[in-house]
Amino acid sequence: MVYIASWDEFVERSVQLFRADPQLSRYVTKCRHCDGKLVLKVTDNRECLKFKTDRAQDAKKMEKLNNIFFTLMARGPDAGISVSGKEQVEQQASKKGRGRRQ
Amino acid sequence: MVHLQPDPFLNELTSMYERSKEKGSVWVTLKHSSMKSKAKRKKMETEGETIEYRCLVRATDGKKTITTSLSAKDHQKFQASYATVLKAHMNALKKRERRDKKRTAEVEQKPASSKNPVSSKKPLPTKPLL
């Protein structure tokens, strides 16, 4: 099983994998509360990418990835998303007077 | 395999997480699907009909499987509720312990250094940032 160490690499490759074959690709999440472990898997039945963690901070990153995949899978592989999340950026831009605009 | 609407699915998913706290895993799978068989899809493609794709969500605890499908309109509302469910149950993961470990190590060093007047370590409260 291919475990990827870097989160960003996992995200990029898994989105690429899905876009290459949306009919066959799937995103699987396994959560074991008793062991405190979380494993993510993206596969198209030929290639398999996995990421495992026991860190709470990765759970937050996983939520963002969940959003990305929900969007991709509900709207189709051509749905416009950026890895950081375009919708979030748009929402922040519309809020007035919160922090600096970079 | 039980097919549910998004809201009952979320309720059932919550109880799955509750039941698996002490023992067991919960698998959640996301798939892009048209909910139609391959033959039907090919037929629709040749006839020029647009195929409506949905996001299929499956969840299982190893014994029971529940499933739901989301359209492009439902998915945002569902993903917000799903994120809430996850946050409520992901408390088993480790939080950053490094800083705490360093602090406890410092506290242990302090009494040791006070006993030994000749020590290379300075008993300063602040530590250099790494």
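What follows is a quick run through a predicted model.

Q: How many residues of chain A are in contact with chain B?
A: 37 residues of chain A are in contact with 38 residues of chain B.

Q: And how much area do chain A and chain B bury between them?
A: About 3,200 Å². Carbon and sulfur atoms carry 57% of it.

Q: Which residues in chain A lose the most area to chain B?
A: Gln23(A), His33(A) and Phe70(A). Together they make up 23% of what that side buries.

Q: How many residue pairs are in polar contact between the two chains?
A: Twelve, with both residues at pLDDT 80 or more.

Q: Which elements of chain A give two or more residues to the side that touches chain B?
A: Strand 1 (26-32), strand 2 (37-43) and helix 2 (56-75) of chain A. Helix 2 of chain A gives the largest share, 14 residues.

Q: What is that side of chain A like by class?
A: It has 17 nonpolar, eleven polar and nine charged residues.

Q: How many salt bridges are there between chain A and chain B?
A: Two. In one salt bridge, the side chain of Lys94(B) meets that of Asp54(A), at 3.0 Å from N to O.

Q: On to the sheet. What order do the strands take?
A: The order is 3(A)-2(A)-1(A)-2(B)-3(B)-4(B)-1(B). That is seven strands in an open sheet with mixed pairing.

Q: Which strands stand at the edges?
A: Strand 3 of chain A and strand 1 (2-3) of chain B. Each has a single partner strand, so one side of each is left without a neighbour in the sheet.

Q: How does strand 1 of chain A run against strand 2 of chain B, parallel or antiparallel?
A: Antiparallel. Six bridges join strand 1 of chain A to strand 2 (residues 26-33) of chain B.

Q: Which residue stands opposite Cys31(A)?
A: Val26(B), in strand 2 of chain B.

Q: Switching to Thr43(A). Buried or exposed?
A: Thr43(A) is buried, because its relative accessibility is 5% and the cut-off for buried is under 20%. Thr43(A) lies in strand 2 of chain A.

Q: What does the side chain of Thr43(A) reach?
A: The backbone oxygen of Glu47(A), at 2.9 Å.

Q: And which residues is Thr43(A) in contact with, leaving aside neighbours within four places in sequence?
A: Leu17(A), Leu24(A), Ser25(A), Arg26(A) and Cys48(A).

Q: Back to charges. How many salt bridges does the structure hold over all chains?
A: Eleven. One of them pairs Asp21(A) with Arg46(A), with the closest N and O atoms 3.2 Å apart.

Q: Where do Asp21(A) and Arg46(A) lie?
A: Asp21(A) is in the loop between helix 1 (7-20) and strand 1 of chain A. Arg46(A) is in the loop between strand 2 and strand 3 (48-53) of chain A. The pair therefore ties together parts that are 25 residues apart in sequence.

Q: Are those two buried or exposed?
A: One of each. Asp21(A) is buried, with a relative accessible area of 14%. Arg46(A) is exposed, at 64%.

Q: Which residue meets Asp35(A) in a salt bridge?
A: Arg32(A), at 2.6 Å from N to O. Asp35(A) is partly exposed, at 45% relative accessible area. Arg32(A) is also partly exposed, at 26%.

Q: Over to chain B. What does Lys64(B) pair with?
A: Glu12(B), in a salt bridge with the closest N and O atoms 3.2 Å apart. Lys64(B) lies in the loop between strand 3 (54-60) and strand 4 (65-70) of chain B, and Glu12(B) lies in helix 1 (residues 6-19) of chain B, so the pair ties together parts that are 52 residues apart in sequence. Lys64(B) is partly exposed, at 32% relative accessible area.

Q: Last topic, backbone angles. What is phi at Asn45(A)?
A: About 70°, which is positive although Asn45(A) is not a glycine. Most residues other than glycine have a negative phi. Asn45(A) is found in the loop between strand 2 and strand 3 of chain A.

Q: And what is phi at Met35(B)?
A: Near 65°, again a positive value in a residue other than glycine. Met35(B) lies in the loop between strand 2 and helix 2 (38-47) of chain B. Met35(B) is partly exposed, with a relative accessible area of 41%.

Key:
Residues numbered from 1 in each chain as written. Chains lettered and ligands numbered in written order. Heavy atoms only, no water. Contact = heavy atoms within 4.5 Å. Buried area = accessible area lost by both parts, 1.4 Å probe. Salt bridge = Lys/Arg side-chain N within 4 Å of Asp/Glu carboxyl O. Polar contact = N/O pair within 3.5 Å; in protein donor to acceptor, adjacent residues only side chain to side chain. Helix = DSSP H or I, 4+ residues; strand = E, 2+ residues; numbered from the N terminus. Nonpolar A, V, L, I, M, F, W, Y, C, P; charged D, E, K, R; others polar. Pairing = 2+ DSSP bridges. Buried < 20%, exposed > 50% of the residue type's maximum accessible area, 1.4 Å probe, protein only.
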